[in-house]
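Start with the helix, then follow it to the partner chain.

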Amino acid sequence: MTDTRQRSFEDNDQKPMGFGRMLRKEDPRFVRGRGRYTDDVQLPGMLHLAILRSPFAHARIVSVDTSAAAALPEVKAVITGADLAGLGLAWMPTLSGDVQAVLATDKVRFQGQEVAFVVATDRYVARDALELIDVEYDVLDPVIDVRQALAEGAPLIRDDLDGKTDNHCFDWETGDAGATAAVFAKADVVVSQDLVYPRVHPAPMETCGSVADFDPVEGRLKLWSTTQAPHAHRTLYAMVAGIPEHKIQVISPDLGGGFGNKVPIYPGYVCSIVGSIVTGKPVKWMEDRSENLISTGFARDYIMRGEIAATRDGKILAIRTNVLADHGAFNGTAAPVKYPAGFFGVFTGSYDIEAAYCSMTAVYTNKAPGGVAYACSFRITEAVYLVERIVDCLAYELDMDPAALRLKNFIQPDQFPYMSKTGWEYDSGDYEPTMRLAMELAGYDELRKEQAEKRTRGELMGIGISFFTEAVGAGPRKHMDILGLGMADGCELRVHPTGKAVVRLSVQTQGQGHETTFAQIIAEEIGIAPADIDVVHGDTDNTPFGLGTYGSRSTPVSGAAAALVARKVRDKARLIASSMLEVSVADLEWEKGSFHVKGDPGTAVTIQDIAMRAHGAGDLPEGLEGGLEAQICYNPSNLTYPHGAYICVVDVDPGTAVVKVRRFIAVDDCGTRINPMIIEGQVHGGLTDGVGMALMEMISFDEDGNCLGASLMDYLIPTALEVPDWETGFTVTPSPHHPIGAKGVGESATVGSPPAIVNAVVDALKPYGVRHADMPLTPSRVWDAMRGTAQPPI
Amino acid sequence: MQVPAPFEYARATTVDEAVALMGRFGDTARLIAGGHSLLPMMKLRLANFDYLIDINDLHGELGFIAVEPGVVRIGALTRHRELLDSAELAGVFPIFRDAERVIADPVVRNRGTLGGSLCQADPSEDLSAVCTTLDASCVIRGPLGTRTVSMAEFHRGPYETAVADGEILTEVRFPVRERGGSAYAKVERRAGDWAVVSAGSAVWLDDGGRIADARVGLAAVGPNTTGIPEISATLRGEEPSEQVFTRAGEIAARSCEPATDQRGSAEYKRHLAAELTVRTLRTAVARAARGEA
Amino acid sequence: MQVTMIVNGDEVTREIEGRLLLVHFLRDVLSLTGTHWGCDTSNCGTCVVWLDGEPVKSCTVLAAMAGGHEVRTVEGLAVDGKLDPVQEGFIQCHGLQCGFCTPGMLMTARALLDRNPDPSEGEIREAISGQICRCTGYATIVRSVRWAAVNAAPEVTS
């Protein structure tokens, strides 16, 4: 261990009154095994639910015989799609306004689709009973290849939709086609490259599940579930199940990771509710790992053609792309309504260009629904991969250093706020220092020298760069909503008489450390120590409404709400302080945690004194109510645009084509840094995701639609041996519109790292004339690339 | 979570008791030691048994590494970790340490056994390739007594062995010859994954430093882990050199039958069969020459 | 069938089915929910506990197989309310985020340190390579284990 790390341990002992490195408040319970996750919930009389899933990708259901299963004494209910249809619950809306079957009634449309469920007294018997359900299927031809989905005569997947005659899901475009074509026509250099971002899966270590407890007397539903968005889920349950919203309590307890996998409403959650209503008992449903991988929200699955136009000396003029998007059997994308392709529109990246255009066609296939997950920032992952890969292809064609090419084309500091050619207003940025710092930390010039020397010996070393700009913190409610719910977030702060406080959030941690950072935000604003602030989240009965945690939105939206609600409390405290100190408000000065009389620091009252006065005896200033609390609903004025420069160094074994990530340097700029330790942790995790996607992770299917990544034996996730010791750095460009200048960071590294790794591998293979290779770069696929026989993975 | 179908659990405390129980229950029973292959299959309900006979208590009887003159005997219940940790075994057959470092993961290696690995008979399984490379023989005990079979006889096809119902693999024996060296190499997509291709080599040198005998065993390139007699024939009597190793590699590449799957294309696997044969022969010869075994 | 074993120092006897997995025995029967499960195939390692002093994946051990043996879980790591140095190390070095893999990581780390009190970064990475963490990227876990090695209190590392 190096000295710097030893020092960082000592830094951990600091207990900042506000921003700074601080140990996490939630950790003591987790290290003792006292986290409370959904599967840890045990209720008296609780029953267990198991779901029967389709073995086929596309088949008509002829009959379902549940009699043998129902005959088991431990089995309390067996429910089929037909049963749900009778209750009007066979279908539910998706977050994209499509519909998805809760249990299939007519057809199954992907392997793993829910067909029936069993509720039994024991989780083992519930599984046994599934074996006794006899389903007769009439197997249909599946549509697996996305390129074939729109072909003449392709089997129709969504015959449930009125008038639907093909597998077309939607078309979408952004930018200016004509202007872009004109720029391409006059450009010295045009480079075109086909790219695949394969289907991957967030696979949080905790699978999805729920415990539903319906009280028939009160008509009240209590639902513990693995959700990143408890409030949005509650509203949707109310709309779907017909239970009044005030009688539904959704609790999202500790989550074992989310990464977007726990944003959608899954049929299993609805089944557990139905199971509890039918049996009158609490019902628990927990997916096994296969169910998680084959049926819940996947990510990516974009086939892209990227085109870039530039001058001979490396000025990028325009970027154009055409995308074929696989949305699976139901459009379950969790994205703001006006953004069917999420925020893919930021594909112009960090570069100041003249024109851009994207056209996209999305199709249905016989695969699991989803599309927006795995820390993707609403498809910015795909966008950044596209632009950062195509820029490297341009560098290859121009025989230009990829760092120099990027430096030449950055949006300049004086151009912010910068309106991109696809209509995104970048709030702030200063890209060159970030890039220069990454190059300095990496020792970029020395690395290039080492590479040149190694190449003379036939050794394969690659250096890959990625520079990303993210757009996170959805979002302004005039533009952004999910199924009609505006993407604002509430926050409540209450200071108790003794000066301790409780803050209630509408967002939900899945490991990001909200219990710590939000206490730090409040501490920074009103000077109450983080240890004295309880952070409540993940319970709709006890927190204000808001849309939850995904798309790196907690800090940009809820973090702003927390800062502003604290300022509201501080404003009230100021009035009370002025009466306590008998001076006018204008004569008061705030110093974190207390007000004092200007020019007389000794005459002061602390926030604790004020809290007691607010609740205590004696008069308050005229017109002021007692208590010291406030609430707010924050509607962001814009997204925040964090950026970063990543450099990856790989070695490729020329004999086996095995890729080893030797070093990874990540410099992130997420504006004001609340807790650097937590930020660094977020970055580390995302970089590891990047290694996974770039080198090994892929959900693939055979021609019958069987999922080939249905267990963690087949769907590979990096271990400690595939990743290096991350090297991180930072710059700080505050957001001008966020109250504390912070930007989101949770997904930056997942978004930014895959292109750096792919660029590094492609760079290593340059002696073989390789300009591009698709993920995942498994040894076999790298070997194909070296031999010029590479095929796209789908 | 996936769970197995109901079965009766029984525990054997001696080999005789295990044989008796297996005799009584026949093909409705299965032995369980480490369980890392068996239980996942049972959870998927791809395999169902009425009885599982826990033989972990036999570790005292069947968990041993005995390095004797001319032979190394290893008990079937010897765990991966014990094979990895044994300096004495590595002194005779460094191939074990090479292989055990890349088999599954450390926690699985605490539980998994030599016998379980061989009896699973997965064509990608590394210890089977090691045993093939070292020309091991397997001691099988049944109600009628003990019999010994070669590795070639032991593995009858994917997931199929010479161990009959009512029998138990008790021991694996490895002949020890003078001036030997051995090595193992594996290409995997990720630590803990099954092999894309693995190769083991064992080489014995004569007094003049020529190759007296050599064996190569491959995993994941055919229905079984395979020894390739033609390589042995080609190498015998040769002066060790890169040219000779390359020739052996070419034989390995054309002698195997890999299939294209998620781990790689058949063509790539053939390439690896050659590449890893060369690499392991190189290491094995160097070890033999240094007297490292 | 009846099974008796020592769990975190206490003898427990329960009536169980032969097929009951150790992880469910701990979680559902004994309510020791600190041990998690994340896959069905012994790939993820969130279910790691000790069986007779060795880390094992409790989703791939039958409760019956633990009969007559000694099991230790994350709930048994702290002694008399005092955290084990690995627990403290994970707090100090941000070795956890969602906390789901943490109990298994802690059990493996403790076993490693018992065998090798001063492990290198490479040895730590090797030791935890059968366990997946989706949040931390492992570097902070490695630092956490190193912290425990450097700050080991001798009386609790026995």
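Buried here means under 20% relative accessible area, with a 1.4 Å probe and protein chains only. The model is predicted.

**Helix H5 of chain A**

By that cut-off, the buried residues of H5(A) are A:Arg123, A:Tyr124, A:Val125, A:Ala126, A:Arg127, A:Asp128, A:Ala129 and A:Leu130. That is eight of the eight residues in the helix, which spans 123-130, so H5 of chain A is largely enclosed by the rest of the structure. A:Asp122 caps the N-terminal end of H5(A). Its side-chain oxygen lies 2.5 Å from the backbone nitrogen of A:Tyr124.

**Chain A against chain B**

Contact involves 29 residues of chain A and 25 residues of chain B. About 2,200 Å² is buried between the two chains, and carbon and sulfur atoms give 54% of that area. On the chain A side, A:Thr656, A:Leu716 and A:Trp783 lose the most area to chain B; together they make up 22% of what that side buries.

The polar part of the interface has these counts:

| Feature across the A–B interface | Count |
|---|---|
| Salt bridges | three |
| Residue pairs in polar contact (both at pLDDT 80 or more) | eleven |

Which residue of chain B meets A:Asp128 in a salt bridge? The partner is B:Arg45, at 2.7 Å from N to O. A:Asp128 is also among the buried residues of H5(A).

H5 and helix H19 (779-786) of chain A each supply at least two residues of the side that touches chain B. H19(A) gives the most, with four residues. By class, that side of chain A has twelve nonpolar, seven polar and ten charged residues.

Definitions and conventions. Residues numbered from 1 in each chain as written. Chains lettered and ligands numbered in written order. Predicted model: local features only at pLDDT ≥ 70, side-chain atom pairs only at ≥ 80, totals over all residues. Heavy atoms only, no water. Buried < 20%, exposed > 50% of the residue type's maximum accessible area, 1.4 Å probe, protein only. Polar contact = N/O pair within 3.5 Å; in protein donor to acceptor, adjacent residues only side chain to side chain. Contact = heavy atoms within 4.5 Å. Buried area = accessible area lost by both parts, 1.4 Å probe. Salt bridge = Lys/Arg side-chain N within 4 Å of Asp/Glu carboxyl O. Nonpolar A, V, L, I, M, F, W, Y, C, P; charged D, E, K, R; others polar.
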